[in-house]
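Here's a quick briefing to read with the model open beside you. Have a look at the fold first, then come back for the details.

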Amino acid sequence: MSPENKKKIPSVVFFLLVFTFFFSIPLFTQNFYYLSVFTTVFIYIIFATSWDVFAGYIHLMNFGHALFVGAAGYLTAFLNIKYGLSPFIILPACAIFCGILGMFIGLATLRHKGPYFAMLTIAFAHVAHESTIIFSSYTGGEEGIAGIRTLTSSWIGDYYFILISMALIFCFLLLYTRGRYGLLLKAIDQNEDAVLASGINSTFIKTMTYAISGAACGIGGSLFAFSLMHVGPTSMEQVMSTTILIIAIVGGIGTIVGPFIGAIILTLLNEVLREVADYRLLIYTTLVVIIVFYAPKGAIGFSRYLNPMCLFDSFGRK
């Protein structure tokens, strides 16, 4: 066995243990609160990893990722309530819609870099958010749209549905970034002119990746709407985009694995701090600042201290 494959073994074992733990939770408790907390964890894993597949590798800060969350949520409400379509039809429809939306936004914004790109992503998300208020006769205005049916006939069924969806998206994004396109994204980030000189269409690679990012987030946004049985303008607010960004940074951008870990840490931390509601925001933000300050590469940077074989080395190395 090659040294590279030997390094992958601890990482594979770790993720098998993590997913086995997630799958076994309903066997130990069927408490609605605990299942809903972990369901939220799975959804935010989709949000953060879908953000990271583009922004984390290209290092173009996308501050409008919530656009895909909200767009998929409203499309889910429309297709589910008005036409009564199955989640097996709605989820692919949301992925396609958000993928196309991401492609068009990418074509309009990716010619810009740095703060200009960030400002444009904020602008697109803000326009979408305000549109939900302006066209209140269709979107329900500030109250949003309620009455979305659940994914399955039971909360445990919903739990496993969202878990399996998250696992499939996570594996796809991991394979995508560990393959040829991941190398191209890193090369574009380092020296796009050299990539162009090699005869590679960097604009196509970036646009395609942005579309994949939107499609994956669209599935997460649809699952989010199904889990809440409601969608509203808050799903498109800047707070949502900022939360996704913080999760990815705390976990470690440009790794896919980092946002996975960050979503688990921060979502569970947010629930634990509900017991100290008056100080929750202060404690939460302080811990986030400490993590970012002492771990500039994110929580995944601590992996070398946890395992002498570098537990996440084969997955998290940039």
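Let's start with helix α11 (residues 257-272): at 1.5 Å a residue, its 16 residues should span 22 Å, and its end C-alpha atoms are 23 Å apart, which agrees. The expected span is 1.5 Å times one less than the number of residues in the helix. Helices (H or I, at least four residues) and strands (E, at least two) are DSSP runs, numbered from the N terminus.

This is a predicted model, where local features need pLDDT of at least 70, side-chain atom pairs count only at pLDDT 80 or more, and totals for chains, interfaces and linings use all residues. Residues are numbered from 1 along each chain as its sequence is written, and side-chain values use heavy atoms, with hydrogens and water left out.

**Helices and how covered they are**

- In α11, 12 of the 16 residues are buried, so the rest of the structure largely encloses this helix. Buried means under 20% relative accessible area, exposed over 50%, and partly exposed in between (1.4 Å probe, protein chains only).
- Among the buried residues of α11 are F260, I264, L266, T267 and L269.
- Helix α3 is mostly covered too, with 14 of its 18 residues buried.
- Those 18 residues of α3 should span 26 Å at 1.5 Å a residue, and the end C-alpha atoms are 25 Å apart, which agrees.

**Aromatic pairs**

- What describes a pair of aromatic rings? The distance of the centres and the angle of the planes do.
- Here, rings of Phe, Tyr and Trp (its six-membered ring) pair if their centres lie within 6.5 Å; planes under 30 degrees apart count as stacked, over 60 as edge-to-face and the rest as tilted.
- That rule gives a count of 28 aromatic pairs.
- One of them is F19 with F22: the ring centres are 6.3 Å apart and the planes sit at 80°, so this pair is edge-to-face.
- F19 and F22 are 3 residues apart in helix α1 (residues 3-28), which means about one helical turn separates them.
- F19 is buried at a relative accessible area of 12%, and F22 is buried at 2%.
- F47 and F224 make another edge-to-face pair, at 5.8 Å centre to centre with 90° between the planes.
- That pair links distant parts of the chain, since F47 is in helix α2 (residues 32-58) and F224 is in helix α9 (residues 202-228), 177 residues apart.
- F47 is buried with a relative accessible area of 0%, and F224 counts as buried at 14%.
- Ring pairs also tie residues into a cluster whose members include F19, F22, F38, Y159 and F260.
- R180 lies over the face of Y181, 5.4 Å from the ring centre. A charge sits over a ring if NZ of Lys or CZ of Arg is within 6 Å of the ring centre and within 35 degrees of the ring normal.

**The largest pocket**

- The largest pocket holds about 960 Å³ of space. A pocket is an open set of points on a 1 Å grid over the protein atoms alone, where a 1.4 Å probe fits, with protein on both sides within 12 Å along at least five of seven lines; lining residues have an atom within 4 Å of a point.
- Of the 40 residues that line the largest pocket, T40, Y44, F224, M240 and N270 are the closest to its centre.
- Helix α2 supplies the largest share of that lining, 8 residues.
- The lining divides into 21 nonpolar, 14 polar and 5 charged residues. Ala, Val, Leu, Ile, Met, Phe, Trp, Tyr, Cys and Pro count as nonpolar, Asp, Glu, Lys and Arg as charged, and the others, Gly among them, as polar.

- Most residues other than glycine have a negative phi.
- H59 is not a glycine, yet its phi is positive, about 60°; H59 lies in the loop between α2 and α3 and counts as partly exposed at 34% relative accessibility.
- I256 is not a glycine either, and has a positive phi of about 65°. I256 lies in the loop between α10 and α11 and is buried, with a relative accessible area of 0%.

**A contact across the chain**

- V37 has its place in helix α2 and counts as buried at 9% relative accessibility.

Key:
Points joined across faces, edges and corners; volume = space filled by probe spheres on them.
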